[in-house]
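Good morning, everyone; please take a moment with the sequence and the fold before I go through a few of the features that were computed from the atoms.

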Amino acid sequence: MKHIVFLVGSYYPNYSAVARCQGNLAEEFVVQGYKVTIITRRTTTWEPEEEWLEGQHIIRIMPRDDYNDLFCREKMKEGMKGYYFRHKYFQIKRVLKAVCSRNSLNQPDIKIYLKTLNELDLSIDMIIPTCLPFDTVRAALLYKQTHECRVIPVLYDMFAESQRLQRFKWNKKLKMRANLKLEEEMLKQSDRVLHMPSWTEHFELHWPELKEKRREIEHPLIVRPERTKLEGYDQDKIHIAYTGVVDSVVRNPQFVLNFISGEIFTDIVFHFYSLGSAQSLVEKAAQSRKNLFSHGQVSGSIAHQVMNTADLLLSIGNNDNTQMPSKIFEYMSTGKPILHFAQVPDDRTVRILKRYPMAHIVFRDSGNTEYQRREAYRFISDNRKKQIGFDEIRTCFQEADVKNIVSEFFMGGGV
């Protein structure tokens, strides 16, 4: 049985958007008969070091400093204020490392990923690292130097061009040359590279001669959804749900919260199952409105039940047009109507939703808010009971279909 190893920054039970994408690929590899190992960083101190999940062997790792900081943060959440200064120490240490290092790699992470790869009992046929974190790509290529295996990274968020990763604009500029060198080595040393559309222009600008080594794909999130639903929604009302991150910089919900505060929406119930640095804005709005509920962070399984239960799904675009919320593909998989709020004119999500039969776009800077509210209300009323079949969705978005993407790993020599 062939052995596939995924290297990710987080995984079950606390999936990030990237982890959910990689998890879908891992599940499909299991279905096709492969042995799958997931090597991931811890997200809590109480998670077991090893665990089996539906045919996947999960191994959790974390450098000592990061584990100690995670412990401090958990204690602070429990109300133990004495851990605040220890947490600040680790926080300052991370910032200093990010500023003083030659590139934007995290060396302790690379060492522990590589050590874990070397300690696996079974030989590895293919490693599938991801970005972010780019550290997994580096660890996989170092492993390949001494072992016969294929390495095929899947790139989601940017690396050298990532403002958030570099923390400061001047730091990004300072490390750009070194980070671009790492990306070039990845292209040359990997057997193949699969990447999101956001990477395409970047690759064409810097390494057009390596075009044959890479393949543009979309987020592997077109998966036939489970149909379990939540209990407790008032069936006499229209329910619109948002699930995902709200961020004060990248995905600020204030425009959306202001928009849905209009009197025309008083007979509609809005649910936010959200987390992030802007969560306080959602909670504050919920305190003053009877038709707005802030449920906080929920598990991935609950989020999918929410999507299946709501009449419509609410989507918030990013302020950064180099990124696109992968959540939109999960939304589309349900076949439910989607109300999307675009915060920039060239929002990449809009281009995707133009191919989706039941989507309405509200642009932040388009003027006449009351007219936009009336149009949005009309869309909600006309589509609240409609749903598109999964087979039609899969046909429309073949580039995001998990089965199609898994087949890309077999190109150019197989596993």
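Before the surface, one definition: a nonpolar patch here is made of residues with over 30% relative accessible area and no salt bridge, whose nonpolar side chains are joined within 5 Å. Please also keep in mind that what you see is a predicted model.

With that in hand, Phe168, Trp170 and Leu174 together make a nonpolar surface patch of about 340 Å², and of these residues Trp170 has its place in helix α7, which covers residues 169-189.

Stepping back to the whole chain, the secondary structure comes to 16 helices and 16 strands. The radius of gyration is 22 Å, close to the 22 Å that the globule rule gives for 415 residues, and the protein is therefore as compact as a globular protein of that length. Taken along the principal axes, the box that the C-alpha atoms fill is roughly 65 × 55 × 40 Å.

Let me turn now to the second largest pocket, whose volume is about 720 Å³. Its lining is formed by 24 residues, and the closest of them to the pocket centre are Arg20, Glu27, Glu226, Ser301 and His304. Which elements give two or more residues to this lining? They are α1, residues 17-31, then α11, residues 300-309, and α12, residues 327-334, and it is α11 that gives the most, with six residues. Sorted by class, the lining of this second largest pocket holds eight nonpolar, 10 polar and six charged residues.

How values were computed: Residues numbered from 1 in each chain as written. Predicted model: local features only at pLDDT ≥ 70, side-chain atom pairs only at ≥ 80, totals over all residues. Heavy atoms only, no water. Patch = residues over 30% accessible without salt bridge, like charges linked within 9 Å, V, L, I, M, F, W, Y side chains within 5 Å. Areas by Shrake-Rupley, 256 points an atom, 1.4 Å probe, with all protein chains shown as cover. Salt bridge = Lys/Arg side-chain N within 4 Å of Asp/Glu carboxyl O. Helix = DSSP H or I, 4+ residues; strand = E, 2+ residues; numbered from the N terminus. 1 Å grid on protein atoms, 1.4 Å probe; cavity = no way out; pocket = protein on both sides within 12 Å on 5 of 7 lines; lining within 4 Å. Points joined across faces, edges and corners; volume = space filled by probe spheres on them. Nonpolar A, V, L, I, M, F, W, Y, C, P; charged D, E, K, R; others polar. Rg over C-alpha atoms; globule rule 2.2 N^0.38 Å.
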